[in-house]
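This report walks through local features of one protein model.

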Amino acid sequence: MLFRSIVLALSLASAQAADDGLVRMKLKKRSAHEMVADHLKRENDALRLALENGSAPEVMDMAKKSVMLRGSNPEEDFEEQVQVAEGASENIIIKDYSNAQYYGEVMIGTPPQKFTVIFDTGSSNLWVPKTKCKNCGYWFIHGGKSKYDESKSSSFKKDGSDFKIQYGSGSVKGFFSRDEITLAKDIVVKDQKFAEVANAGGLGVGYVMGQFDGILGLGFEKLSLGGANTVFKNAIDQKVVSQPVFSFALGDNKDGELTLGGYDDSKFKGEITWVNLSEANYWRINIENISVGSVSSGATNGIVDSGTSLITGPSTEIAKIAHSVGATHNIMGEYTIDCAKVPTLSDLEFTINKKVYKVPGKDLVIQASGTCLFALMGMDIPTGPKWILGDVFMRQYYTIFDYGNERVGFAETNY
């Protein structure tokens with residue numbers, strides 16, 4: 001993943017298997033108050049840094065990189081950025097998770113060790129911190145990070161190959177291992193290749209302060225580092241899910257739900273509209289148009305990404321949209337808007353397969369404590385997808401990820 005974004009993460013408060021063969025996981029939502037508070041902290045930190053250093057261009061770049069939520073330096077040598085099985089540039093996955101909004105639990109090993117992770121359709125590897133991991137949090141911040149101890153797992157198998165991701169502010173390093181992965185007690189994936197992270201310094205303070213330990217990618221194998229199958233691909237191959245499908249119902253002001261092995265038709269109304277992927281690396285689709293009022297993008301493309309809490313697009317397009325609604329650009333490249341304008345904001349419309357999907361204007365903000373954070377952010381990805389349809393979009397539509405048929409489905413949520 002080559003992105004900068006404010007991120008969505010998924011949290012299982014509980015999980016259950018029903019007679020229909022589906023495994024349902026409750027997703028706990030992080031509050032808007034915390035999201036806005038973190039935005040204000042980032043802005044204040046950047047302003048302080050700029051004032052202390054006279055707003056020099058290199059300082060402004062440093063300030064922006066320090067909160068790059070998904071970002072890469074295209075001038076960096078690819079071999080230095082990440083080691084991959086195939087060596088193709090599309091395999092470079094670069095992501096930072098400063099504002100994860102939903103979190104989840106996964107168990108690794110025998111007996112199981114519990115971790116809070118981000119279930120992320122925009123990446124494909126599973127990684128967690130190992131014991132004695134450097135820059136991996138402190139006990140007095142959210143109780144510290146859970147760390148994998150291979151010596152305590154009877155099902156651990158050594159792999160040893162290198163794992164490295166380059167972030168905007170530095171690298172995350174570790175090595176691959178193999179072990180059993182348990183989801184929701186009902187799904188046990190054997191011999192899963194995953195990464196033990198030894199140094200998470202590249203994630204910066206966002207990781208230290210975040211309420212997650214690691215990442216569980218739900219993308220395709222083309223994005224996977226080290227030639228590792230995704231957890232879900234192995235679940236399919238080992239026949240521990242009933243169908244090669246998973247789906248999300250994201251609550252607006254409540255917790256959400258992740259369903260594995262199919263979709264839950266009680267969470268939506270009407271028909272499902274299926275959209276074939278344009279390429280099965282990210283969950284990438286063609287988009288005929290994106291518009292707000294008189295501003296229109298024309299034909300473009302995007303990805304549906306559970307790991308991103310905002311909607312992102314090309315900086316010039318986002319700037320036009322922001323200007324049209326009166327949003328103000330800040331030092332960090334984020335936008336805020338006068339909360340008094342929220343009731344009259346125009347809808348954001350995506351035309352996909354000749355069907356219009358609307359995000360109501362009032363839902364284009366994250367509001368708390370008198371601050372309204374505009375839920376669109378500029379991000380330029382030269383060779384990647386142009387738009388990221390994250391949490392803000394997915395809350396409007398029950399979203400089904402059909403791995404077997406390489407398509408996504410959207411239906412009007414009633415969750």
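The model is predicted.

**Strand pairing**

Four strands form an open sheet in the order β16-β15-β21-β22, and the pairing is antiparallel. Its edges are β16 (295-296) and β22 (355-359), each of which pairs on one side only. Five bridges hold β21 and β22 together in the antiparallel sense. F350 has Y357 in β22 as its bridge partner.

The loop between β21 and β22 holds K354. This lysine has a positive phi of about 70°, although K354 is not a glycine. K354 counts as exposed because its relative accessible area is 78%, where exposed means over 50%.

Strand β14 (residues 283-287) has its own partners. On one hand there is β13 (residues 279-280), which runs antiparallel to β14 and is joined to it by two bridges. A hairpin of two residues leads from β13 to β14. Here A280 stands opposite W283 in β14. There is also β17 (residues 300-304), again antiparallel, with four bridges to β14. In that pairing R284 stands opposite I303 in β17. How much of β14 is covered? Four of the five residues of β14 are buried, so the strand is mostly covered by the cut-off of under 20% relative accessible area.

**Helix α6**

Helix α6 spans residues 315-325, and its buried residues are E317, I318, I321, A322 and V325. Why do the buried residues of α6 line one face of the helix? Seen down the axis, they fall within an arc of 130°, so they share one face of α6. T316 and H323 are exposed on the other side of α6. Just after the helix comes G326, with a positive phi of about 85°.

**Disulfides**

How many disulfides does a search of the whole structure find? The search finds two. With the bonded cysteines numbered in sequence order, the pairing is 1-2, 3-4.

| Disulfide | S to S distance |
|---|---|
| C133 and C136 | 1.8 Å |
| C339 and C372 | 2.2 Å |

C133 and C136 are both buried. The link of C339 and C372 is right-handed, with 120° about the S-S bond. That pair ties together distant parts of the chain, 33 residues apart. C339 sits in the loop between β20 (335-336) and β21 (348-352), whereas C372 belongs to strand β24 (residues 371-374). Both C339 and C372 are buried.

L183 lies in strand β7 (residues 170-183). Its relative accessibility is 7%, so L183 counts as buried. L183 and V106 are 77 residues apart along the chain, but their C-alpha atoms are separated by 5.5 Å.

Is K185 buried or exposed? K185 is exposed, with a relative accessible area of 76%. This residue lies in the loop between β7 and β8 (187-199). K185 has a positive phi of about 70° and is not a glycine. Most residues other than glycine have a negative phi.

**A buried threonine**

T230 is placed in the loop between β9 (214-217) and α5 (231-237). T230 counts as buried because its relative accessibility is 1%. Which side chain makes a polar contact with that of T230? The partner is E221, at 3.1 Å. Leaving aside residues up to four places away in sequence, T230 touches S124, Q192, G217, G219, F220 and E221.

**A cis peptide**

The peptide bond between T110 and P111 is cis, with omega of about -5°. Most peptide bonds are trans. P111 is found in the loop between β3 (102-108) and β4 (113-120).

How values were computed. Residues are numbered from 1 along each chain as its sequence is written. This is a predicted model: local features need pLDDT of at least 70, side-chain atom pairs count only at pLDDT 80 or more; totals for chains, interfaces and linings use all residues. Side-chain values use heavy atoms; hydrogens and water are left out. Buried means under 20% relative accessible area, exposed over 50%, partly exposed in between (1.4 Å probe, protein chains only). A disulfide is a pair of cysteine sulfur atoms within 2.5 Å. Two strands pair if DSSP finds at least two bridges between them. The arc is that of the directions from the helix axis to the C-beta atoms. A polar contact is a pair of N or O atoms within 3.5 Å; within protein, one must be able to donate a hydrogen and the other to accept it, and residues adjacent in sequence count only if both atoms are side-chain atoms. Contact means heavy atoms within 4.5 Å.
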